[in-house]
Structure formats: structure tokens, C-alpha cells
Amino acid sequence: MSMVAAGVGKLMDDEKLQWTTLLREIIPEIDHTGVYWTHTATIADILAHRCGLDGEVATLLADGGNGDIQPCLEEFLKAIDRIPRPLPHRESWLMSPWGYTIAAHIIEHISGQSLHEYLQNQVFRPLEMTSTTLRPSFEGSNNVAEPHASLSNGEASPLEFQPNFANTLFEGSRGAYSTVSDLLIWTKETLAASQNTASNNTVLKQIPHIISNHIAMKNPSLLERSYGFGWARAQLPGVVGLLGGNSGLWEMSEQPIFGAGNQSRLMIYHQGGGPGYSSFVAIFPETQSAVVVLMNTTAVSDAADWIARLLIEGLFDFAKPTDYVRLAEEGKRRTIERFATLRSRLAEERIQGAPPLPLKFYVGKYENKDYKYRLEVTLSPESESNLMISFRDLDSQLYPLRHYHDQVFEWSMSFDGVRKSGRYDITDPSYYKIRFEIYPDNRASRIIWNIHDASVPGGLTFEWKDERLAGAWRAVHAGMNDFVPNTMHRIRY
């Protein structure tokens, strides 16, 4: 995200944009009638995550794979009014990939180059960051670290795929591959450009504005805790690590205080990653210092976070060092306990209901048009007495679908099963429940998936893919019985 923000900063310095430029002045199609934020949002708003847009659904749909949700800009803009927006515009900070999706399109629109080409030509090559790219190659002997995930016994399990967000809606928020040496160049140049005395020849432009405070994070907070453009800010002692996996394991009131008992200093940082990877980058303008941690393993708790804090404590010789082994063990305990609670809740919430229909009646492909996302239900290749569900037609995303009650099925996994699949640690029982709606002839017509109740109350709807037949049955549901005789016999197969 900091790299995309720097790309926008270069366009600002070239006087092609201003931070206050309205999005609709660049992309008129973004302005939807009745959607206030699209009429008033600026480039600064989307880079600071202050439009109130919820990115959970998009992130969860990319779960376990490469994030290959790839509608074109025109299709994305048509559906932008349906992006969940739980918070008011400019009133609160909410992390979301959508803002950086839009920022990437703006860079491409203004520069006439793809995001990859623009950052390569304007940022990476001039800084001699020779190992940083949005177009990684995984072929042959290329020097790309293989992704792993930690299991409950501490074993690092290799993943069967390489996350690659090229040409997807996530390229602007998590698409970069880099190395420690390149990111040390990145942090050094960012620190140099943050000083008012930086020369006019500095490659990175507008950095003082990019790393400034643009919205508060997780208020209330006595000391500063804010977000810039692709960078978070924290005045130490304070709560850090709010962009990584550890933040969800502790309530804000019990988050570990970093730097307690030590000198106050400003820490500017960001975290990132994907399946099998995690990262932590921090800069300290007062001392022109930086810490970079890259990992090719998704640990049980966010180890890149703990390791970065440990290095920072050593860098500044903190008087009261923290026991990060204890914190990591506690993070692991909380994570494993959540999965045990998931199993318990699924058992408790099971109700006595009707038996399922013959399993072949559920088989089919189901699509959600807003997100261009497909679910497919098949009979198990090993036994036709079991169903399987797959996501985005990926063989690696094939899971047993077990009858729960009535027309509801569930596909939950153990913690180790989730980790081996490269999926996120989701422990909400609703996420693992699939509800079928049924045609009058007892064949499944659509799927309702409660992927994230807070973002999409009532769930996402996935229509049976044969729209001609689905349309016929919608007519049946609407009472248009004169439409039935010409279609009923064709629907049975």
C-alpha cells in the first residue's frame, strides 16, 4: 500500500493530481446516484481508509487462493454501490482493499501504464530495487521463497500454490513481492524523503504528506494512533500491530503495550502478507532507523509482528524487554481454543430437521454476479453418498459438504486442515454453513452463504448458473403458472 501511495505521490508532484481531487473527476462512472461517498470521496479518502468501506467480504472471497476476482474496471464500478459500508464517510478508519483497487485504476488512467509498469519505471528501477515486482515468476529456479503455514504441533507445512495477485482487485493492496535488502532501500529512501531538507532529486515525492496523520485509528487513545497513506502511526509507548493477525486475538483494552517504561518515540509501520507469507516494516524518523521482517510462513500467531517488536526493543535498548515467547504461546492458545469453540458451537447449534433431498438434486454451479464468484457442488468422486463444494473452480479448494439440518450443509475444518489449505483462521460458525433454496420440483435453485454477517446481513446469494432455467423457476415462484408448461420438462434432467 505504501508503494501505491508513493506512486500517487509522484503524480501529485507532476501536478497531474491533487490529494483533494474528487474521484468522480477522474473516473465519472464511480459516482452512483444515492451513494453519497462516491460523490464526495477524494484520493486522500481512499488512501487513508476513511470511506467506511468494508473489505472483509472481498478478503474472504479471496481466501485460500490467489485472490483471482478479476472483473474489469467497468464491471467493478457498476457494483461499487453494493460494497458493504458499515461506517460513515470520513468519520472512522476501516481497513479495506477497495480504496487501493481504485487508486491502482487512477494510476493506470492518469499514467497510461499498468500499475506494475508505472511502479517499475517510476519507483523501483530509479531506487535500484531490483528484486521488487508485482509480476513474480514462479517458474524454474527463480529465487522466490516457498509459502508455508504453521500447524498446531509447530510443523511448517508447505502450501501447494503460490499466492499471485497480478491483475486482480487485490494487486494494489497486497500484490508486491520483495526482499529484505530492497525494503531496506525503500525504508531508507522514505526516511530521507520525509525530511524537509531532502533534495529535489529524491525519487519518492510527497512523503511528508503520505506519512502524516490523516485519520485516527481505534479511538479512544491518549497518545497518537493514526493512519496516513499506506502507513500506520503510533506514539510509543502504545498499541501497535493493528494491521496483522495478532490484533484480533486481544481486545483493544488488553492489547500488549509496546515500549512501556521507555522513551516516547514515533513509530511508523505497516504489516502485510497473504497465504504462507507475513511481513512487518517499521521506520523511526527521529533516529532515521528501520526494521524489516519478512517471513515465508503463516505462524499460529503473527510471528513477523513479535519478531519485529523484539528487534526494535534491541535497537533502542528498551529497559523493560517483553517476553515474546510467552505472548506467542498465548496467541497460539487463543487461536487453537477458537477452533475448539467453533466445533462446540456447530454441535450446539445443530437442530433436528428434515433429512436432505437426494444429493444429486444439490449438484450444480452457482454464481454471485456482484463479485463474479462461483461455487460448485459435486458428488464426491469416492462416494456418491457425499457432497463436495469447491470455490472458484479450483481443485485445491474442494471440501466435504456435510448435511447439517433441513437444506443447510456445513464444511468446517480442523485448525490444521485450514492451515494446509492456505485459508484464513475463520472461526465464525455461520461462515461454514451453506443454505440451499429449493425449486418446486425439489431441485436446488440457489445458495445463501453467510460469509460475513456484519458486512452482508442475510448472506451472499449464488444463483444456479443456468440463468434460462433459473429464470423459469423464478417465474414459478412469482406465480406465473402459464410460464411453467413450456419449461417444466426441460428443467428435469
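Biologist: How does R333 count by relative accessibility?

Modeller: R333 counts as partly exposed, because its relative accessibility is 40%. Buried means under 20% relative accessible area, exposed means over 50%, and partly exposed is in between, with a 1.4 Å probe and protein chains only. This is a predicted model, in which local features need pLDDT of at least 70 and side-chain atom pairs count only at pLDDT 80 or more, while totals for chains, interfaces and linings use all residues. Residues are numbered from 1 along each chain as its sequence is written, and side-chain values use heavy atoms, with hydrogens and water left out.

Biologist: Which residue forms a salt bridge with R333, and how far apart are the closest N and O atoms?

Modeller: A salt bridge here is a side-chain nitrogen of Lys or Arg within 4 Å of a carboxyl oxygen of Asp or Glu. For R333 the partner is E330, with the closest N and O atoms 2.7 Å apart. Both residues lie in helix 13 (residues 324-349), three residues apart, or about one turn of the helix. Helices (H or I, at least four residues) and strands (E, at least two) are DSSP runs, numbered from the N terminus. The pair also belongs to a network of salt bridges that links E254, E330, R333, R334 and E337.

Biologist: How many salt bridges does the rule give?

Modeller: The count comes to 18. One of them joins the side chains of D45 and R90, at 2.8 Å from N to O. That pair links distant parts of the chain: D45 is in helix 4 (residues 43-47), R90 is in the loop between helix 6 (73-78) and helix 7 (98-111), and 45 residues separate them. D45 counts as buried because its relative accessibility is 0%, whereas R90 is partly exposed at 40%. The side chains of R402 and E410 also meet in a salt bridge, at 2.9 Å from N to O. There R402 is partly exposed, with a relative accessible area of 32%, and E410 is buried, with 5%.

Biologist: Which residues line the largest cavity?

Modeller: On a 1 Å grid over the protein atoms alone, a cavity is a set of points where a 1.4 Å probe fits but cannot get out, and lining residues have an atom within 4 Å of a point. Grid points are joined across faces, edges and corners, and the volume is the space filled by probe spheres set on the points. The lining consists of D45, I46, H49, R50, C51, G52, L53, L94, S96 and G99. The search of the whole structure finds one cavity of 30 Å³ or more, and about 60 Å³ of space lies in the largest cavity.

Biologist: What is the omega of the peptide bond from L236 to P237?

Modeller: Omega is near 0 degrees there, and the bond is cis. P237 is found in the loop between strand 5 (232-236) and strand 6 (265-274). N167, which is not a glycine, has a positive phi of about 60 degrees and is found in the loop between strand 2 (156-158) and helix 9 (171-174).

Conventions. On a 1 Å grid over the protein atoms alone, a cavity is a set of points where a 1.4 Å probe fits but cannot get out, and a pocket is an open set with protein on both sides within 12 Å along at least five of seven lines; lining residues have an atom within 4 Å of a point.
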